[in-house]
Amino acid sequence: MTHPIPQCSPLAAYQAQAADIDTAIRETLAAGRYVLGPRVAEFEARFAQWIGATHGLGLANGTDALEIALRALGIGAGDFVATTSMSAVATAVAIRKTGASPLFADIEPQHGLIDPVGIESLLASHGGRIRAIVPVHLYGRCADMDAIMTIANRYGVPVVEDCAQAHGASWNGRTAGTFGAFGSFSFYPTKNLGAIGDGGAVVTSDPDLRERARLLREYGWKTRYISDIEGGNSRLDELQAGVLSVKLARLHDDNMARRRIAQVYREGLAHPGVEVFRGDDTGHVYHQFVVLSDQRDALHAHLASLEIGALVHYPAAIHQQPAYACADYAPMPLPNTERWTTRVLSLPMYPQMPIADAKCVVDAINAWSAPAR
Ligand SMILES: *Cc1c(COP(=O)(O)O)cnc(C)c1O
């Protein structure tokens, strides 16, 4: 192999649409309005329609999106929110910023997604204090939304879907972000839909929730300069919105390209020490393609020695990180979560990745001589 293979490439995403993105940026500069203007409104409408929700609301980042969704639902100090410890720390950051506390359910061991059985145990043991459920569609695969919505409806608890890694993912034909009261999204540059800086959004089909989130986005203003409620500042800017509209037009094709790379991995990987999920992947948009190995660190080093990028999502679960190691957050043991952090590895995955590179990765892994144990 002659060239390094990156784990992902926001630059390749820009280069694939450079002319259109440059035009959008120039037009925005010339328009003279730079924050919450017509481009944001246009992107909100397009994105909501693309997802299949009625309303979209552009925000400063994905962490804010989750926080604002929870606040709009009335979640605050003293409340509990059932979620997963196997996520970006941002999931817990957003919950804590409302004043509420996360309660972590364990994951199922096949995909690393929140286990509905664990959610139900938390609801059974913590009664009315759990005020929301936040499933995370990790790596681009939907959590089991049938089971989760059934449990949520039985207990009368709203769901906010953390879709930061799952733009366009679906479960039984329905798009991620349309099951719960809100879907929250991040447009950080490495996500399936990435800006050229920070960005985020929520989608909802409830006009009242959309309005409450809108007030929270900008100082609680119903009309300018008059704060009806206490809000903050989480505005999306016009440059990001203009670029996001350009990229949204390609998101479906990009997700299909990710699926083609995943197909190469699924068909080609054949190493006894590397577990690959080859079951049903309908609706999976492959934000990451993860494999599992008992000798993950050695595999990671092997790939690094061949200049193949790989990342660990995540080396520590949220409840294992010093800031979130509060015993109250993990009232039940999380053995699947803790085992997952030691075994998971994310292979190179981005829409512009050449298929030949994916085949190089397959060959490199299949040729790996795992150290004797
Ligand atoms: C990226 C991410 C977020 C946070 O989004 P930011 O835009 O970085 O604030 C939240 N949840 C998950 C699962 C993520 O991957």
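I looked up the surface first: the chain exposes about 15,200 Å², and carbon and sulfur atoms supply 52% of it. Accessible areas come from the Shrake-Rupley method with a 1.4 Å probe, and for residues only the protein chains shown count as cover.

I note that this is a predicted model, in which local features need pLDDT of at least 70 and side-chain atom pairs count only at pLDDT 80 or more, while totals for chains, interfaces and linings use all residues. Residues are numbered from 1 along each chain as its sequence is written, and side-chain values use heavy atoms, with hydrogens and water left out.

**Overall form**

I found twelve helices and 13 strands in the chain; these are DSSP runs (helices H or I, at least four residues; strands E, at least two), numbered from the N terminus. The radius of gyration is 21 Å, close to the 21 Å of the globule rule for 373 residues, so the chain is as compact as a globular protein of that length. That radius is taken over C-alpha atoms, and the rule is 2.2 Å times the number of residues to the power 0.38.

I then checked burial: 55% of the 373 residues are buried (under 20% relative accessible area; exposed is over 50%, partly exposed in between; 1.4 Å probe, protein chains only).

**Cores**

I looked for nonpolar cores, meaning sets of buried Ala, Val, Leu, Ile, Met, Phe, Trp, Tyr and Cys residues joined through side-chain atoms within 4.5 Å. The largest has 39 residues, and Tyr 265, Leu 269, Phe 289, Val 291, Leu 303 and Leu 347 touch the most other members. At least two residues each come from α9 (238-268), β12 (289-292), α10 (296-305), β13 (344-347) and α12 (355-366). The most come from α12, with five residues. A second, separate core of 23 residues includes Ala 53, Phe 185, Ala 201 and Leu 244.

I listed the contacts (heavy atoms within 4.5 Å) of Leu 347. Leaving aside neighbours within four places in sequence, its partners include Gln 7, Gln 288, Gly 309, Val 361 and Ile 365.

**Backbone**

I found a cis peptide bond from His 313 to Tyr 314, with omega near 10 degrees. Tyr 314 lies in the loop between α10 and α11 (335-343).

I also noted positive phi in two non-glycine residues. Asn 172 has phi near 50 degrees and sits in the loop between β6 (170-171) and β7 (174-175); Asn 172 is exposed, at 65% relative accessible area. Tyr 219 has phi of about 60 degrees, lies in the loop between α8 (207-217) and β10 (221-223), and is partly exposed at 32%.
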